[in-house]
Amino acid sequence: PRPDALRRFAACRPDRFFAFTFVNPWEADASTVLEEDVRRRGFRGLKLYPSIQQFHAYDERAYPVYERAEALRIPIVFHFGVTLDYRSDLRYSNPLDLHPVARDFPELPLIVAHAGAGFFRETLFLAYHCANVHADTSGSGTWMRYLPQPLTLAAVLERLLDVFGPDRILFGTDSRHAAEGYRHWLLRSHREALEALQVSDAGRRAILGGNMARLLRIPW
């Protein structure tokens, strides 16, 4: 319920680890807790998980949290789509739920994790309307196998580049310290795909770190 272990981990190397906190938007003091996490505990962003927390992202009861995040100038990453947690409820997993949020909070950076984790078309539609929405590429991409027409990483990146452009795509691995460690193979596969797509050096540098550094306001 509270990311204290993550805070301690990030504090070991504050120049390299930038942690996102986690709050329950239904709790009356959620926005206050968020501000304390950012101002006093060193967190640099917020993670929300609608299918686990069981809320629609557009529910205005969450708006005080969005308002505080916008004022704090931090990004919010949302996990939509499928998930390994079978307690989830996919009724809350559609990235299009972010459309009114992006409209009502135009200065708030919003990140769709895993390119929608199966809700890829919806993620692309969202990007078309909302300039403050970003997509990250983290995860092994298992969801690509379950689409009506299976996709490859290169095909996903090509579509993201076409719709989002190189300045709103965020590389990620979804590595886990308790499993196989850092997923170097995902970094290699991204580099190879971006080179095959003939993305410019500036575009590759932005996707592989520069865009997130800009959102977190850290040197790059």
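This is a short walk through the structure above, from its overall form to a few single residues.

The model is predicted. Start with the whole protein. Its secondary structure comes to nine helices and six strands. The C-alpha atoms fill a box of roughly 50 × 40 × 35 Å, taken along the principal axes. How does the radius of gyration agree with that of a compact globule? A compact globule of 220 residues would have a value near 17 Å, and the protein has 17 Å, so the two agree.

Of the 220 residues, 49% count as buried. The protein exposes about 11,900 Å². Carbon and sulfur atoms supply 52% of that area. Now think about contacts between residues at least 6 apart in sequence. Of these, 71% join residues at least 24 apart.

Charge comes next. The protein has 28 positive and 26 negative side chains. The centres of these two sets lie 5 Å apart. Side chains of opposite charge can pair when their charged atoms come close. The structure holds 13 salt bridges.

Take some of these pairs in turn. Asp 59 and Arg 61 meet through their side chains, at 2.9 Å from N to O. Arg 61 is exposed, because its relative accessible area is 56% and the cut-off for exposed is over 50%. Another bridge joins Arg 91 to Asp 89, with the closest N and O atoms 2.6 Å apart. Are these two partners buried or exposed? Arg 91 is exposed, with a relative accessible area of 60%. Asp 89 is buried, because its value is 15% and buried means under 20%. A further bridge links Arg 103 and Asp 104, whose closest N and O atoms are 3.0 Å apart. Arg 103 is exposed at 56% relative accessible area, while Asp 104 counts as partly exposed at 33%. Salt bridges can also share partners, and in this way Glu 35, Arg 39 and Arg 68 are joined into one network.

Now find helix H4, residues 63-72. Which of its residues are buried? They are Tyr 63, Val 65, Tyr 66, Ala 69 and Leu 72. What do these buried residues pack against? Two of the partners are helices: H2 (30-39) and H5 (99-104). The others are strands: E2 (45-48) and E3 (76-78). After H4 comes Arg 73. The phi of Arg 73 is positive, near 60 degrees.

Move on to Ser 93. This residue sits in the loop between E3 and H5. Ser 93 counts as buried because its relative accessible area is 0%. Which residues does Ser 93 touch, leaving out those up to four places away in sequence? The contacts are Ser 51, Phe 80, Gly 81 and Phe 119.

The last stop is His 134, found in strand E5 (residues 133-136). His 134 counts as buried, at 5% relative accessibility. Leaving out residues up to four places away in sequence, His 134 touches several others. Among them are Pro 109, Leu 110, Ile 111 and Val 112. Its contacts also include Phe 164, Asp 167, Arg 168 and Leu 170, as well as Arg 214 and Leu 215. How far is His 134 from Asp 162? The two are 28 residues apart along the chain, and their C-alpha atoms are separated by 13 Å.

Methods. Residues are numbered from 1 along each chain as its sequence is written. This is a predicted model: local features need pLDDT of at least 70, side-chain atom pairs count only at pLDDT 80 or more; totals for chains, interfaces and linings use all residues. Side-chain values use heavy atoms; hydrogens and water are left out. Helices (H or I, at least four residues) and strands (E, at least two) are DSSP runs, numbered from the N terminus. The radius of gyration is taken over C-alpha atoms; the globule rule is 2.2 Å times the number of residues to the power 0.38. Buried means under 20% relative accessible area, exposed over 50%, partly exposed in between (1.4 Å probe, protein chains only). Contact means heavy atoms within 4.5 Å. Accessible areas come from the Shrake-Rupley method with a 1.4 Å probe; for residues, only the protein chains shown count as cover. Lys and Arg count as positive and Asp and Glu as negative; His and the chain ends are not counted. The place of a charge is taken as NZ of Lys, CZ of Arg, CG of Asp or CD of Glu. A salt bridge is a side-chain nitrogen of Lys or Arg within 4 Å of a carboxyl oxygen of Asp or Glu.
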